[in-house]
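Subject: Structure for you to look at

Hello,

Here is the structure I promised to pass on. Please open it first, then read my notes beside it.

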Amino acid sequence: MINITLPDGSVKQFESGATAMDVAKSISEGLARNVISAKFDDRIVETSTPLTQDGSLTLFTWNDKEGKEAFRHSSAHVLAQALEQLYPGIKLSIGPAIENGFYYDVDLGEQTISDKDFKKIEDKMLEIARGKHEFRLKAISKADALAKYTEQGNEYKVELIENLEDGTITFCHHDDFSDLCRGGHLPHTGYIKAVKLMNIAGAYWRGDENNKQLTRIYGTSFPKQKELKQYLELLEEAKRRDHRKLGKELGLFTFSQRVGQGLPLWLPKGAALRDRLEQFLKKAQKKAGYEMVVTPHIGQKELYVTSGHYAKYGEDSFQPISTPADGEEFLLKPMNCPHHCEIYKSGPWSYRDLPIRYAEFGTVYRYEQSGELHGLTRVRGFTQDDAHIFCTPDQLDKEFKNVIDLVLYVFGSLGFENFTAQVSVRDLEKPEKYIGDTENWEKAEQAIINAAKEKGLDYVVESGEAAFYGPKLDFMVKDALGRSWQLGTIQVDYNLPERFDLHYKGSDNEMHRPVMIHRAPFGSLERFIAILLEHTGGNFPLWLMPEQVIILSLSEKYENYAEKVLNELENYEIRSLVDNRNETIGKKIREAEMNKYPYMLIIGENEEKEGMVSVRKHGNKEEVGSLSIEDFALLIKKEISKTLKVFNTNN
């Protein structure tokens, strides 16, 4: 008999050779119908894999990330089988699961595939799926595996196998199809009820442009046709909300090839939007005891050698700038923290002075590959809402929790309500990725976990996601479309104070090393605005909108009254503009809706006589009604106060 420990800690006994599916059936038939894959101890296994020793078992369904990965990976096998049947002689290479789908890279030889062929490939995939063919994983010797693909003339699989150790090679079989595979599959193909091929692209073998370009076919799959339909509708909505599209329509930002790829140009409305975000955070930071600093856009190469950034990122960054002076080199600033370390170092500090909190909206530069650039979410020049706190070890816990409060305030004021926290720690198997000693890393990681617990955050621990100089707490936010984004980060760092030889005098009159906290609630203004645009569809919270009100006059006769209304609204600090064009009121309203002005004030004869305004809200076909300017200003203030809370701090 073997003992199987389940996630809730309960232990069940089974005969040796029982499978994950047997365990599922022992719990309930309903669970057994929904189980997709399983993990035994730390290894993904098939639901049919015999279990021969004691261990911990986790069962995955479609609702689990691992279940979806197995579902999509199995779908990639079905795609490969369909392609082989429809296009004899092609050579398969790799076909992994990816977020929301899968792909397969194939060498088509002289044959071609276009999106016009997608329907017949999808039909063939569903035909195969209906056969309910069991996925079976079998071990094979390296010699036999090489012989199989050498005979087929598939140099891609041969290259993959040559890099594998004998005794670790497995093939997955279903129906009359087999493929080199590590495992993690559905019980059978019948689970796949809906498939959609999304697009086709070129992809160099192993990502090396010196290799042959293969054809990559992307697809997605679901256990129900209804879920595929919902997913496709979500994609269409995502296209409508694309920040690049909205940014152009709303006149926020642009790009220029002459200026350079990945270097956004902010238009007046976009610049005003950025400024409001900056002022919003500066106000909260001031309450929390931060002091603003300003640092240059460049620094001597030695600065980043000292910090460790050059060793980690130098090859992938903008290359050094040589000056006329012999041997003098500068770098475009990739990070603000080395500069802030030098500011701290400029003066002597006592334990009574700490914590020191330096904040800066600092622009940094990183040379992202051109193929990875994407609107504002991946750029080469961006502004971080950066701050660095230098504190004593005893102050670390309080300071870290105060930063959590600040991040939560930012999220709450901007409508990000659905998020989880991720404690990003070292990968213990790859110590070469990190700097600093083990003891400091352990202290920093534990400090973050303790703070997350005490603040009641819903958090997970992710190995290998730490920064090279320290662990961090990342906030993973879900937007209105259910997509997850990393926004806001807090990092504990014992290493940079060591590398920059930072000190403060303690109560014992001895010199001590401060602890450093890095934090950026927005992350970067560029990426934050992009995500906020897509989350809100351009309908920002009222307090953030470039223009909160547009005044629409029925004709030129009411221009003077429209200007009077504009001036009074400005006295209430309500951002407004007037549309006095000689156009129909219907056209003005349609254009105001398209430009997402939150409120429209209609001005005509009755409004002028009574000193009122007719109020219409964005998205509402009916007017709100007639209000005095004072009452309308009060309505605006109340709406703003619902979202823009006052930041409370005990500092």
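Ile2 stands opposite Phe14 in β2. That pair belongs to the contact between strand β1 (residues 2–5) and β2, which pair in the antiparallel sense over four bridges. Please keep in mind that this is a predicted model.

Now widen the view. β1 and β2 are part of an open sheet of five strands, in the order β2-β1-β5-β3-β4. The pairing in this sheet is mixed. Which strands stand at the edges? They are β2 (11–14) and β4 (43–45), and each of them pairs on one side only. On average, neighbouring strands here are turned by 35° against each other, direction ignored.

**The whole chain**

Step back for a moment. The protein chain has 651 residues, and 49% of them count as buried. Its secondary structure comes to 20 helices and 33 strands. The C-alpha trace spans about 85 × 75 × 60 Å along its principal axes. Take the contacts with a separation of 6 or more: 69% of them are between residues 24 or more positions apart.

**The three-stranded sheet**

Next, find the open sheet with the strand order β9-β10-β11. The pairing here is antiparallel. β9 (136–139) and β11 stand at the edges. Each has a single partner strand, so one side of each has no neighbour in the sheet. From one strand to the next, the twist averages 30°.

Start with β9 and β10. They pair over four bridges, in the antiparallel sense. Lys138 has Phe171 in β10 as its bridge partner.

Then go to the other side of β10. Strand β10 (residues 170–174) is joined to β11 by four bridges, and the two run antiparallel. You can follow the pairs one by one:

- Cys172 stands opposite Asp179 in β11.
- His173 has Ser178 in β11 as its bridge partner.
- His174 stands opposite Phe177 in β11.

β10 and β11 form a hairpin, with two residues between them. Asp175 sits in the turn and has a positive phi of about 55°.

How well are these strands covered? β10 is mostly covered, with four of its five residues buried. For strand β11 (residues 177–180), both faces are covered. Phe177 and Asp179 are on one side, Ser178 and Leu180 are on the other, and all of these are buried. Helix α5 (residues 142–152) lies across β10 and β11. This helix runs at about 115° to β11.

**Two helices that cross**

Two packed helices are described by the angle between their axes and the distance between the axes. The crossing of α3 and α4 is right-handed.

Which residues of α3 and α4 meet? On the α3 side they are Ser75, Val78, Leu79, Gln81, Ala82, Leu83, Gln85 and Leu86. On the α4 side they are Lys120, Ile121, Lys124, Met125 and Ile128. By class, this contact has eight nonpolar, three polar and two charged residues.

**The nonpolar cores**

The largest nonpolar core has 82 residues. Leu414 and Leu473 touch the most other members. Helix α13 (residues 396–413) gives the most to this core, with nine residues.

Show Leu414 with its surroundings. Leaving out residues up to four places away in sequence, Leu414 touches Leu277, Phe280, Phe522, Phe528, Leu532, His535, Pro541, Trp543 and Leu544.

A second, separate core has 55 residues, including Leu51, Val78, Leu83 and Ile128. Val78, Leu83 and Ile128 also take part in the contact of α3 with α4.

**One buried lysine**

Finish with Lys472, which is in strand β24 (residues 472–478). Is Lys472 buried or exposed? Buried means under 20% relative accessible area. Lys472 has 15% relative accessibility, so it counts as buried.

What is Lys472 in contact with, leaving aside its neighbours within four places in sequence? The list is Gln422, Val423, Ser424, Ile448, Glu465, Ala466, Ala467, Thr489, Ile490 and Gln491.

Best wishes

Conventions:
Residues numbered from 1 in each chain as written. Predicted model: local features only at pLDDT ≥ 70, side-chain atom pairs only at ≥ 80, totals over all residues. Heavy atoms only, no water. Buried < 20%, exposed > 50% of the residue type's maximum accessible area, 1.4 Å probe, protein only. Pairing = 2+ DSSP bridges. Left-handed = near helix turned anticlockwise from the far one by under 90°. Contact = heavy atoms within 4.5 Å. Nonpolar A, V, L, I, M, F, W, Y, C, P; charged D, E, K, R; others polar. Core = buried A, V, L, I, M, F, W, Y, C linked by side-chain atoms within 4.5 Å. Axes fitted to C-alpha atoms, helices over the stretch in contact; angles between N-to-C directions.
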